[in-house]
Protein chains: 2
Amino acid sequence: MAKSVQKKTKRDAAKSTGVSPMVIRRLPRYFRYLRELIRNGKLRISSGELSEMMHVTASQIRQDLNCFGGFGQQGYGYNVNYLYAKISELLGVGEGYHAIVIGMGNLGKALARNPMFEKRGVDIVGMFDISPAVIGEKVGDGVVLPLSELENFCLDHTVDIAVLTLPKEAIESVVERLIPLGITGLWNFTGKELDHLPPDMLVENVHIGDSLMTLCFEMRCREKGEKQ
Amino acid sequence: MAKSVQKKTKRDAAKSTGVSPMVIRRLPRYFRYLRELIRNGKLRISSGELSEMMHVTASQIRQDLNCFGGFGQQGYGYNVNYLYAKISELLGVGEGYHAIVIGMGNLGKALARNPMFEKRGVDIVGMFDISPAVIGEKVGDGVVLPLSELENFCLDHTVDIAVLTLPKEAIESVVERLIPLGITGLWNFTGKELDHLPPDMLVENVHIGDSLMTLCFEMRCREKGEKQ
DNA sequence: TAGATTGTTAATCGATTAACAATC
DNA sequence: TAGATTGTTAATCGATTAACAATC
């Protein structure tokens, strides 16, 4: 009957950022798999079953989920919808974060048109560039504004996150401007490490190329292995 | 005088994939920082100096680099150019890998136009799609071909890597076709986990959205912290 | 109740850091 | 040579897995 268990354990704490970075990095993956389970109409799942799907140990799943309190039920497993709701909550889906994209080159446009933001409850409310060639262009369901409008725009709208897809040369000056505008999350694709930020400014750096190099490393290892 | 040290240590082994995944994941980061050091004309660097730049411990740097043999020199540090060459070699830069991009939507185009491939020694030799709207279009310095040409193309060219930026519904059938064509590296942006692949097929999955969610998680943690 | 499966503790494993002898 | 800094071993720390009692 799977009544949702709300009991708080001692470790409910996991206060603020007291959760292991390894666990945090795995949360989005749980989110994705749960989303798929829901799409497939699955109502309950055990750590064992999920572990097979995800190719991790059942032990790790139980350990991970327990960092945030008891989401399951002995003898039953996990209620898929309840677990999804809990993890979504942890990840701030439904928090209604508002984002702007700065730099509408190929990558900026690709991201802005990507359904990913919507799926994750992040709303793109504005897009900016300095090039007259793209200003005024419609991308997704918005229009690219001149970067000079940044301040005015942020006075009129709540903006939490800035997606930085501009050339790395321009990033420092833009981040300077973002700080007083109340933006506290930077999703940084420029490849430039951002230093000396205010303590309440969170940054997530993305280096897509690193992933390609990891693949190349493995390909090369295999080749070397074959040659011997 | 920094003569390059070639001595092989016992651990030179690090045979094929015998290197810790954590170390492997850090290699591209060393690559990036060394590239920058070279651009700035720096000729030598100590683990201590590099550790400050990269915000990691000097101990970790020495430990990491030593997985692959002695790249430094006591009392001197590391020769930047030599170290860069060695790490590039490990990562297969200069190996001249050839890649095709399958699925020329926004993301496919953004990647194909990205200087990242060139910087990392990977050459995009072909681009494919099924939509007449993009077939024939010039992207970067190539032209999008119809997916039906895939087999013919791969007979005429050496292709090592396929960049998968097509809709996840189409991926299974495409990967089936890639296997007999000699492609052994998949860079998978579809979000669909690939199972049941031949053992010599390497896959690197990219989930950009996971990084956004990590940022949102942290933002939410901070908010919760502030409220208390 | 009996069976199943969680929550949680304890054991293992791996990764990071500290320390220092080797050596340039 | 003396000073610097690596390579490498040993100590610490954290993360994963195994095991099982709690309990639905």
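Guide: A salt bridge is a side-chain nitrogen of Lys or Arg within 4 Å of a carboxyl oxygen of Asp or Glu. The model shown here is predicted.

Visitor: How far apart are the closest N and O atoms of A:Glu89 and B:Arg220?

Guide: The cut-off for a salt bridge is 4 Å. A:Glu89 and B:Arg220 form such a bridge. Their closest N and O atoms are apart by 3.9 Å.

Visitor: How many salt bridges are counted between chain A and chain B?

Guide: The pair A:Glu89 and B:Arg220 forms a salt bridge. The count between chain A and chain B is 8 salt bridges.

Visitor: What area do chain A and chain B bury between them?

Guide: The size of an interface is often given as the accessible area lost when the parts come together. Here 61 residues of chain A contact 61 residues of chain B. Carbon and sulfur atoms hold 63% of the buried area. The total is about 5900 Å².

Visitor: What relation superposes chain A on chain B?

Guide: Two copies of a chain are related by a rotation about an axis and a shift along it. For chain A on chain B, the rotation is 180° and the shift 0.0 Å, with an RMSD of 0.0 Å. That is the relation of a two-fold axis.

Visitor: What percentage of the interface residues of chain A are also interface residues in chain B?

Guide: The copies meet through the same surface.

Visitor: What separates the centres of domain 1 and domain 2 of chain A?

Guide: Chain A is divided into domain 1, residues 10-90, and domain 2, residues 97-210. Taken over C-alpha atoms, their centres are separated by 31 Å.

Visitor: Within what arc do the buried residues of α2(A) fall?

Guide: Helix α2 of chain A spans residues 47-54, and A:Ser47, A:Leu50, A:Ser51 and A:Met54 are buried. An α-helix has 3.6 residues a turn, so residues three or four places apart point the same way. The buried residues of α2(A) line one face, so seen down the axis they fall within an arc of 105°.

Visitor: Which residue follows α2(A)?

Guide: Cover for the buried residues of α2(A) includes α1, β1, α3 and β3 of chain A. After the helix comes a residue with a positive phi, near 60°. That residue is A:His55.

Visitor: Which elements of chain B are included in what covers the buried residues of α8(B)?

Guide: In α8 of chain B, residues 171-178, the buried residues include B:Ile171 and B:Leu178. The buried residues fall within an arc of 100°, so they line one face of α8(B). Their cover includes β4, α7, β8 and β9.

Conventions:
Residues are numbered from 1 along each chain as its sequence is written. Chains are lettered from A and ligands numbered from 1 in the order in which they are written. This is a predicted model: local features need pLDDT of at least 70, side-chain atom pairs count only at pLDDT 80 or more; totals for chains, interfaces and linings use all residues. Side-chain values use heavy atoms; hydrogens and water are left out. Buried means under 20% relative accessible area, exposed over 50%, partly exposed in between (1.4 Å probe, protein chains only). Helices (H or I, at least four residues) and strands (E, at least two) are DSSP runs, numbered from the N terminus. The arc is that of the directions from the helix axis to the C-beta atoms. Contact means heavy atoms within 4.5 Å. Copies are superposed by least squares on the C-alpha atoms of residues with pLDDT of at least 70 in both. Domain bounds come from an automatic or database domain assignment. Buried area is the accessible area (1.4 Å probe) that two parts lose on being put together, summed over both.
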